[in-house]
Amino acid sequence: MQAKKRYLLVSLGACLLLVAYLWGLQIGEFHNQNHHQHIYRVAQRPGLRLHRQHWPEWTHPLSPYLEDGEQEQDSPLLHHQHTSPRERREIRNNIYKSRRCRMDTCFDFRRCQRGFKVYVYPLPKGEKVSESYQKILTAVEDSRFHTTDVNQACLFVLGIDTLDRDQLSGQYVHNVKAKIQSLPTWNDGRNHLIFNLYSGTWPDYTEELGFDIGQAILAKASIDMDNFRPHFDVSIPLFSKDHSQKGGDKGYLTLNNVPPSRKYLLVFKGKRYLTGIGSETRNALYHIHNGEDIILLTTCKHGKDWEKHKDTRCDRENEEYSKFDYQELLHNSSFCLVPRGRRLGSFRFLEALQAACIPVLLSNGWELPFSEIIDWSKAAIIGDERLLLQVPSITRSVDHDKILALRQQTQFLWDAYFSSVAKIVLTTLEIIQDRINSHISRNKLMWNSLPGGLYVLPQFSTDAAVFPFYYSSLGKSPSQEFTAVIQAVTPLQSQLQPLVKLIIAVAKSKFCAQIIVLWNCDKPLPSKNKWPSTAVPITVIEGERKTMSSRFFPHDVILTDAVLSLDEDSVLSTNEVDFAFFVWHSFPDRIVGYPARSHYWDSSKSRWGYTSKWTNEYSMVLTGAAFYHRYYHYLYTHYLPPSLLTMVDRMSNCEDILMNFLVSAVTKLPPIKVTQKKQYKETMMQQVHSVTGSKTSRWADPDHFAQRQTCMNSFSGWFGFMPLLHSQMRLDPVLFKDQVSILRKKYRDIERL
């Protein structure tokens with residue numbers, strides 16, 4: 001009898017231990033889930049630090065509700081609602097074997113000692129890729145990082161299409177595991193970058209790709225924070241096959257959008273799901289739809305068998321759904337709801353950004369696109385799916401100033417990183433490059449303010465204060481001196497030549513720190529006694545390759561912020577130089593100068609045209625007599641592709657047009673023309689042909705303008721859009737920042753000459 005009692009007691013104790021163990025696992029799973037669910041909170045008030053832990057101040061009374069564990073456990077609005085905790089753990093553990101990968105553990109930095117170069121594997125014989133993946137491969141191959149030499153590569157991109165890993169999709173590629181294992185440099189995925197837009201299959205939609213990515217970096221859309229490897233993977237946006245390859249459509253915010261609020265407060269139009277995994281948030285939108293300023297429309301009319309599964313609300317909602325045009329809603333609403341659908345991300349995200357409609361993100365656990373570099377609190381409201389009913393009051397609480405600031409930031413982010421596949425790919429590559437070169441990486445200011453990280457090369461400097469774009473925000477000003485860089489292409493034979501007169505006039509400027517003469521003439525350098533005696537030092541640089549692009553090489557001897565670029569035959573007085581520099585000091589990110597040109601669209605030939613006619617409008621200020629920041633020398637040399645520079649050098653033409661394209665693309669602003677003296681005439685630049693020794697004018701050459709027309713269209717093709725902007729502004733000494741009487745003007749001789 002005693003033995004029987006002992007047996008019962010031991011059995012009871014074992015059962016209690018088992019129950020305690022299982023309960024502990026459940027609690028551990030809950031806490032793990034709780035950590036990720038609480039990470040997305042709205043923080044929109046100025047001055048609040050974004051820790052993603054709380055809703056804004058106006059909803060703080062809801063905090064006790066959020067902190068109640070049972071509420072989260074019982075909530076019907078959780079992600080993975082159709083799977084058990086054990087199944088979720090198995091999914092997370094099986095998706096990536098190298099879950100702990102970081103750059104210092106799963107990346108071979110030794111391959112990058114010769115620079116950040118990216119190799120694209122050739123497409124396997126007989127294989128085809130989707131339109132979207134071809135755009136990605138083209139973007140890599142068109143970038144300055146691309147190499148065709150596998151031995152030079154720091155990073156590898158698969159030729160195999162991995163974008164759609166839904167086994168039910170027609171674009172699903174089979175046997176990916178065997179194909180990548182056969183690559184001679186696969187090395188368990190180390191130093192490889194894999195792109196993916198869709199993973200998993202109905203009805204569960206897990207993040208399983210169907211093959212082991214090993215130690216490869218994953219650039220993935222709709223990635224779950226549970227599976228995201230921080231500072232290793234890259235979260236990218238979900239984009240459609242129609243997304244622009246280059247350039248991209250502009251955002252819809254215009255300068256005259258006053259007041260900042262729009263007709264509607266909050267809008268959404270999309271599917272709701274009756275079967276399989278889908279956002280329960282979408283099924284609950286009808287609770288806050290009021291048909292007036294909050295328009296939240298869903299339809300269950302999708303899929304072949306939708307009528308078999310439709311509920312009592314379907315017919316009524318389908319009818320309401322058809323009454324509103326989606327584009328009209330987008331362009332006339334202050335906020336756009338972006339709930340998750342089958343997956344965490346959706347096309348609504350990029351659509352809202354482009355439309356300057358502030359995204360209200362309800363997708364718990366979504367690692368937002370480019371979260372490593374972008375401060376999304378400046379462009380979106382990040383909410384919690386469980387508090388859907390609070391969204392109307394939250395959006396109504398945002399004041400007009402904040403709405404305008406958020407909308408402006410959506411436009412910046414759209415244009416800088418999301419408007420084309422090329423920008424999405426380049427941003428991904430630049431993020432990885434910054435990790436590799438962490439000692440010279442871009443900071444958050446550079447990524448989150450104009451002109452954006454893609455135009456700010458940290459190899460030039462890691463100090464934002466030396467870039468012309470940040471002077472205003474940092475309370476800085478450019479230096480008070482300039483360096484004159486003169487392009488010389490004709491022999492120096494007389495002290496009466498325009499080059500000598502130009503050097504003397506420029507050297508008299510009180511702002512001139514030094515003069516650099518780029519000797520691009522085929523004749524030998526003249527002796528020192530041939531050069532005029534000046535108060536400022538003259539440095540003569542003879543290039544090994546006498547090319548047109550060499551005039552914009554970032555020589556180390558240029559120490560001033562301002563560069564005065566001059567053709568040897570430019571006719572400028574000292575006062576003209578001083579006044580142009582005075583104007584540039586107020587616009588240090590732009591080209592400021594004298595000779596202006598314009599572009600136009602030739603509808604008869606369906607191409608861009610170039611004109612030198614003097615009209616009220618201009619879009620270029622030629623670098624034969626212009627100021628700009630020295631950073632543009634570095635950007636011109638290291639950002640633009642070799643193909644464009646080679647074209648310029650082959651033609652011995654268009655380098656000034658290309659510089660205008662570059663600066664306008666960066667600033668999104670036109671150059672600035674300053675008033676020239678009344679009798680100013682541009683003299684014809686004489687070139688010496690080494691073969692014949694005869695002098696001819698390139699301006700008189702009939703092919704000169706034809707070449708420049710060709711350049712205009714080649715440049716716009718590479719940029720993917722026409723960056724040049726027209727302006728009618730001309731600044732002159734009589735009006736510009738000079739309050740004294742006409743008899744005491746500083747630069748009166750400019751008008752008198």
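Student: Leaving aside its neighbours within four places in sequence, which residues is Gly-270 in contact with?

Tutor: In this predicted model, Gly-270 is in contact with Arg-282, Leu-297, Thr-298, Thr-299, Tyr-321 and Arg-348, once neighbours within four places in sequence are set aside. Each of these counts as a contact because heavy atoms lie within 4.5 Å.

Student: Where is Gly-270 placed, and what makes it count as buried or exposed?

Tutor: Gly-270 sits in strand β8. Its relative accessibility is 1%, and buried means under 20%, so Gly-270 counts as buried.

Student: How far is the C-alpha atom of Gly-270 from that of Val-338?

Tutor: The two C-alpha atoms are separated by 9.9 Å, although Gly-270 and Val-338 are 68 residues apart along the chain. For the protein chain as a whole, residues 24 or more positions apart account for 75% of the contacts that have a separation of 6 or more.

Student: How many helices and strands are there in the protein chain, and what share of its residues counts as buried?

Tutor: The protein chain has 24 helices and 25 strands, and 56% of its 753 residues count as buried.

Student: Which members of the largest nonpolar core touch the most other members, and why is this core said to lie between domain 1 and domain 2?

Tutor: The largest nonpolar core holds 78 residues, and those that touch the most other members are Phe-195, Phe-370, Trp-376, Tyr-417 and Phe-418. Helix α15, residues 421-436, gives the most to this core, with nine residues. Domain 1 (86-220) and domain 2 (264-420) both give residues to this core, and therefore it lies between them. In soluble globular proteins, nonpolar side chains tend to be buried together.

Student: What is Phe-418 in contact with, apart from its neighbours within four places in sequence?

Tutor: The contacts of Phe-418 beyond those neighbours include Pro-237, His-243, Leu-350, Leu-353, Phe-370, Trp-376 and Ile-424. A second, separate core has 54 residues, among them Tyr-455, Leu-644, Val-648 and Phe-715.

Student: Which residues of helix α10 are buried, and how do you know on which side of α10 they lie?

Tutor: In α10, residues 314-321, the buried residues include Cys-314, Glu-317 and Asn-318. They cover an arc of only 100 degrees around the axis, which puts them on the same side of α10. An α-helix has 3.6 residues a turn, so residues three or four places apart point the same way. Among the elements covering the buried residues of α10 are β9 (294-299) and α9 (306-309).

Student: Which residues lie nearest the centre of the second largest pocket, and how much space lies in it?

Tutor: About 900 Å³ of space lies in the second largest pocket. Its lining is made up of 28 residues, of which Tyr-205, Lys-271, Tyr-273, His-302 and Arg-342 lie nearest the centre. Both β8 (264-271) and α9 supply at least two residues of that lining.

Student: What makes a space a cavity, in contrast to a pocket, and how many cavities of 30 Å³ or more does the structure hold?

Tutor: A space is called a cavity because a 1.4 Å probe fits there but cannot get out, whereas a pocket is open. The structure holds ten cavities of 30 Å³ or more, and in the largest cavity there is about 390 Å³ of space. Of the 23 residues lining the largest cavity, Lys-246, Ala-422, Leu-426, Tyr-639 and Trp-718 are the closest to its centre. Two or more lining residues come from each of α6 (131-142), α14 (400-418), α15 and α23 (702-719).

Student: Where in the chain is Ser-132, and why is it called buried or exposed?

Tutor: Ser-132 has its place in helix α6. With a relative accessibility of 8% against a limit of under 20%, Ser-132 counts as buried. Not counting residues up to four places away in sequence, Ser-132 touches Leu-163, Phe-239, Ser-240 and Lys-241.

Notes. Residues are numbered from 1 along each chain as its sequence is written. This is a predicted model: local features need pLDDT of at least 70, side-chain atom pairs count only at pLDDT 80 or more; totals for chains, interfaces and linings use all residues. Side-chain values use heavy atoms; hydrogens and water are left out. A nonpolar core is a set of buried Ala, Val, Leu, Ile, Met, Phe, Trp, Tyr and Cys residues joined through side-chain atoms within 4.5 Å. Buried means under 20% relative accessible area, exposed over 50%, partly exposed in between (1.4 Å probe, protein chains only). Helices (H or I, at least four residues) and strands (E, at least two) are DSSP runs, numbered from the N terminus. Domain bounds come from an automatic or database domain assignment. The arc is that of the directions from the helix axis to the C-beta atoms. On a 1 Å grid over the protein atoms alone, a cavity is a set of points where a 1.4 Å probe fits but cannot get out, and a pocket is an open set with protein on both sides within 12 Å along at least five of seven lines; lining residues have an atom within 4 Å of a point. Grid points are joined across faces, edges and corners, and a volume is the space filled by probe spheres set on the points.
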